[in-house]
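Dear colleague,

I am passing on the structure we spoke about, together with some notes to read beside it. Please open it first and then work through the points below.

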Amino acid sequence: SRVKGALAMAGAGGGALNRDTFLTRIDGIMYGDDPKQGVIEGRTFMHPEFRLAFEAPDGFYMMNGTRAVSISGQSGKGQLASAAYSGSLDNYIKGVFNALAGEGKTLAPSSISRTSVNGIPAAYGTARVSSGSGQVDVVVFAYEFANDRAFHFATVAPAGKGAVFNPMFNSMRRISSSDAAAIIPRRVDVITVKSGDTVASLAKRMAFGDAQEARFRVLNGLGANDTVQVGQKVKIVVK
């Protein structure tokens, strides 16, 4: 859809214009998440500044934003975010529920329970509410990372199905300074195809643990049966 939208905005023109200049300009540019806002690696989210990490449930995907990480799947959705924290997890959770309700409305958990997750003080509350598609369970699971800093998951799932997020709630953990330092951005590397290079061999150099060839083909506008030619400039993503 983005390609179609770009073509519509570009008008009727076609062909390649100043391709080598374009590739020179983007060589080394950051690709994907900026570590300052956290990074997603498969089902794992890590934030080097806040020194935290968690795993999304199996079958869910994540999208990283400037203010929250969205977690979505067929059986529910949620997000990780932060809010002002004054030292009380109970008050923090109640404040998140009020924010979820929206202006002029109220929403409160039926109860709040205290716990600990991987050594982190935590608490959670649940509320069952009616929506356009039936009743749903809203869960706010909060963690105290410092006297003045807390993070929380806010999730929504069909009534009685909220446990799908339990593995994610229990995966929240602190990461070490060395783990945080090892989180570096991916970058675009423009290279020239050499004799013996193939789509498969070049794709293996992509800094991803999955779908390397598919990512390489999309990045370079190659169809399923297209090959590369000696002397051709292509993009790969490296760390």
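In what follows, helices and strands are DSSP runs numbered from the N terminus, a helix having at least four residues and a strand at least two. Please also bear in mind that this is a predicted model.

At least two residues of the lining come from strand 2 (39-41), and at least two come from strand 5 (61-64), with strand 5 giving the largest share, four residues. Sorted by kind, the lining of the largest pocket is made up of six nonpolar, four polar and five charged residues.

The second largest pocket holds about 270 Å³ of space, and it is lined by 17 residues, of which H47, F50, T66, R67 and F151 are the closest to its centre. Here strand 3 (44-47), strand 7 (76-83) and strand 11 (149-158) each contribute at least two residues to the lining, the largest share being the three residues from strand 7. By kind, this second lining consists of eight nonpolar, six polar and three charged residues.

What remains enclosed inside the protein? The count comes to one cavity of 30 Å³ or more, and the volume of the largest cavity is about 50 Å³. The residues that line the largest cavity are Y31, G32, D33, V39, I40, E41, I184, P185 and R186; strand 2 provides the largest share of them, three residues, and by kind they divide into five nonpolar, one polar and three charged.

Next come the charged pairs. How many salt bridges does a search of the whole structure find? The search finds seven, and I describe some of them here. The side chains of D90 and R114 form a salt bridge, at 3.9 Å from N to O; because D90 lies in helix 3 (residues 89-101) and R114 in strand 8 (residues 112-117), this pair ties together parts that are 24 residues apart in sequence. D90 counts as partly exposed, at 28% relative accessibility, while R114 counts as exposed, at 55%.

R128 and D137 form another salt bridge, in which the closest N and O atoms are 2.7 Å apart. D137 counts as buried because its relative accessibility is 8%, the cut-off for buried being under 20%.

Within helix 7 (residues 212-219), R217 forms a salt bridge with E213, and their closest N and O atoms are 3.1 Å apart. Since these two residues are four apart in that helix, about one helical turn separates them. R217 counts as buried at 13% relative accessibility, whereas E213 is partly exposed, with a relative accessible area of 35%.

G11 follows helix 1 and has a positive phi, near 90 degrees.

With best wishes

Key
Residues are numbered from 1 along each chain as its sequence is written. This is a predicted model: local features need pLDDT of at least 70, side-chain atom pairs count only at pLDDT 80 or more; totals for chains, interfaces and linings use all residues. Side-chain values use heavy atoms; hydrogens and water are left out. Ala, Val, Leu, Ile, Met, Phe, Trp, Tyr, Cys and Pro count as nonpolar, Asp, Glu, Lys and Arg as charged, and the others, Gly among them, as polar. On a 1 Å grid over the protein atoms alone, a cavity is a set of points where a 1.4 Å probe fits but cannot get out, and a pocket is an open set with protein on both sides within 12 Å along at least five of seven lines; lining residues have an atom within 4 Å of a point. Grid points are joined across faces, edges and corners, and a volume is the space filled by probe spheres set on the points. A salt bridge is a side-chain nitrogen of Lys or Arg within 4 Å of a carboxyl oxygen of Asp or Glu. Buried means under 20% relative accessible area, exposed over 50%, partly exposed in between (1.4 Å probe, protein chains only).
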